[in-house]
Amino acid sequence: MNTPDNTQGFATKAVHAGEEPDFREGASGDVVVPIHLSSTFARKKVSVPTAGYEYIRSLNPTRKALETKLAALENAKYGLTFASGLAAETTLLLALLKSGDHVVAFDDLYGGTRRLFNHVLADYNISVTFVDATDASLVENAIQPQSRMIWIESPSNPLLKVCDIRAIAKIAARHDLILVADNTFLSPYFQNPLDLGADIVVHSSTKYIGGHSDVLGGAVLLNSAAYYEKLQYHQNAVGAVLSPFDSYLTLRGVKTLALRLEQHQKNAVEIALYLSQHPRVTRVIYPGLETHPQHRLFKSQTTGAGGVLSFEIRGTTKDAERFLERLKLFALAESLGGVESLIELPSAMTHASVPEEIRKQTGISDTLIRLSAGIENTKDLIADIKQALQNE
Ligand SMILES: *Cc1c(COP(=O)(O)O)cnc(C)c1O
């Protein structure tokens with residue numbers, strides 16, 4: 001349905017895809033797709049919906065523009081957008097799985113995705129085996145006769161572990177499983193999992209795609225017409241759609257994705273290098289650093305390392321808390337991917353719902369700090385970190 005122009009570069013597509021001016025008779029040639037609030041669409045003939053539009057839940061022109069744009073950015077044929085990242089995930093899982101099915105998932109997933117698997121899908125007799133997917137052979141070993149899907153995130157959150165997407169895609173193909181990749185952390189600017197063999201990409205557009213910490217949303221991008229039709233049917237049946245206003249805000253945000261991510265990354269690199277030589281810092285985890293254990297694999301499947309990094313400071317949880325509370329420019333907050341720099345303590349915030357023993361097992365210590373570099377001036381961010389680390 002959507003036919004992205006693959007001769008265009010990313011920044012061009014981010015601005016133009018899905019938003020060609022409308023020059024049809026009577027149209028005004030808007031260069032920005034308007035917020036279409038109409039909840040229903042009139043038709044002239046009983047059996048012919050006007051331009052395919054029937055009712056706001058089924059499709060809306062502002063949402064359609066965003067779906068076309070996001071599909072173009074992920075090199076996908078089809079796109080669907082949802083009320084949140086988790087609404088996208090839930091609809092996808094309901095559409096493609098049934099009772100009795102099994103999923104092999106990465107053990108270092110976004111907390112909400114893990115909760116969805118363990119506490120919602122479990123009630124519908126859909127089971128999950130979590131494995132360390134940084135070792136692709138463990139993924140293959142976990143496959144059962146009733147397996148239908150593999151679910152990965154790369155890099156993961158908050159430990160920034162990297163999966164070999166190409167290798168896992170081959171395993172998925174060999175066993176006839178659907179490979180889903182959550183690409184929220186790098187955004188389509190730095191990584192395109194469909195090009196590496198994944199079947200479906202999901203995003204929380206609340207993060208980098210929206211980019212301004214002011215809109216909640218999710219997206220699913222894919223190339224299979226059969227899965228797209230199933231998903232579209234379920235999205236309408238379940239109703240987890242993105243509103244026209246939120247579609248507009250996301251369209252507005254995503255146009256500057258390339259510009260923003262260059263600056264997010266520049267800041268993250270400088271901060272990672274600063275922290276790496278600081279005596280109070282024991283460990284810095286950033287896939288863009290050569291010291292990252294999977295740096296080479298990471299480079300082979302991405303064009304950049306993004307704006308999120310994690311690090312550990314010497315001392316106790318109290319020391320970590322004191323550092324975080326002393327920062328002036330960094331907002332002490334959950335979430336990531338906005339223009340403002342954010343920082344948080346996963347063990348007490350984003351990952352507090354993960355049982356302590358699982359946190360220990362996966363390596364989320366009580367002094368592990370996750371930082372999302374914003375687009376401010378690098379020197380101001382480093383000065384803030386410096387002063388907060390000083391007075392201990
Ligand atoms: C935030 C996030 C989600 C969930 O998205 P929401 O928009 O908050 O529902 C899923 N995956 C990852 C990696 C995320 O960071």
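## A tour from a buried glutamate to the cores

Start by selecting E19, a buried residue with a relative accessible area of 4%. Keep in mind that you are looking at a predicted model.

E19 and K255 form a salt bridge, and their closest N and O atoms are 3.1 Å apart. This pair links distant parts of the chain: E19 sits in the loop between α1 and α2, K255 in the loop between α9 and α10, and they are 236 residues apart. K255 is partly exposed, at 23% relative accessible area. Pick K69 as well, and you have a network of salt bridges made of E19, K69 and K255.

Next, go to helix α9, residues 244-254, and click on S247. Is S247 buried or exposed? With 0% relative accessibility, S247 counts as buried. Show what surrounds S247: setting aside neighbours within four places in sequence, it is in contact with T62, R63, L66 and L242.

I35 belongs to the loop between α1 (10-16) and α2 (61-73), and it is partly exposed, with 31% relative accessible area.

Time to head inside. Nonpolar side chains tend to be buried together in soluble globular proteins. Here, the largest nonpolar core has 62 residues, and I271, L275, F311, F323 and I385 have the most contacts inside it. Colour helix α10 (residues 257-276) to see what gives the most to this core: eight residues come from that helix. Domain 1 (10-254) and domain 2 (257-389) both contribute residues, so the core lies between them. Zoom in on I385, which touches I271, Y274, L275, F323, L327, F330 and L371, not counting residues up to four places away in sequence. Apart from this core lies another one, of 49 residues, including L116, V131, A181 and V220.

Select R283 and E312, whose closest N and O atoms are 3.5 Å apart. R283 is in strand β8 (residues 281-285) and E312 in strand β9 (residues 308-313), so their bridge ties together parts 29 residues apart in sequence. R283 is partly exposed at 37% relative accessibility, while E312 is buried at 13%.

Last stop: D319 and R322, a salt bridge with closest N and O atoms 2.8 Å apart. Both are in helix α12 (residues 317-326), and because they are three residues apart, about one helical turn separates them. D319 is buried, at 16% relative accessibility, whereas R322 is partly exposed, at 37%.

Conventions:
Residues numbered from 1 in each chain as written. Predicted model: local features only at pLDDT ≥ 70, side-chain atom pairs only at ≥ 80, totals over all residues. Heavy atoms only, no water. Helix = DSSP H or I, 4+ residues; strand = E, 2+ residues; numbered from the N terminus. Buried < 20%, exposed > 50% of the residue type's maximum accessible area, 1.4 Å probe, protein only. Core = buried A, V, L, I, M, F, W, Y, C linked by side-chain atoms within 4.5 Å. Domains from an automatic or database assignment. Contact = heavy atoms within 4.5 Å. Salt bridge = Lys/Arg side-chain N within 4 Å of Asp/Glu carboxyl O.
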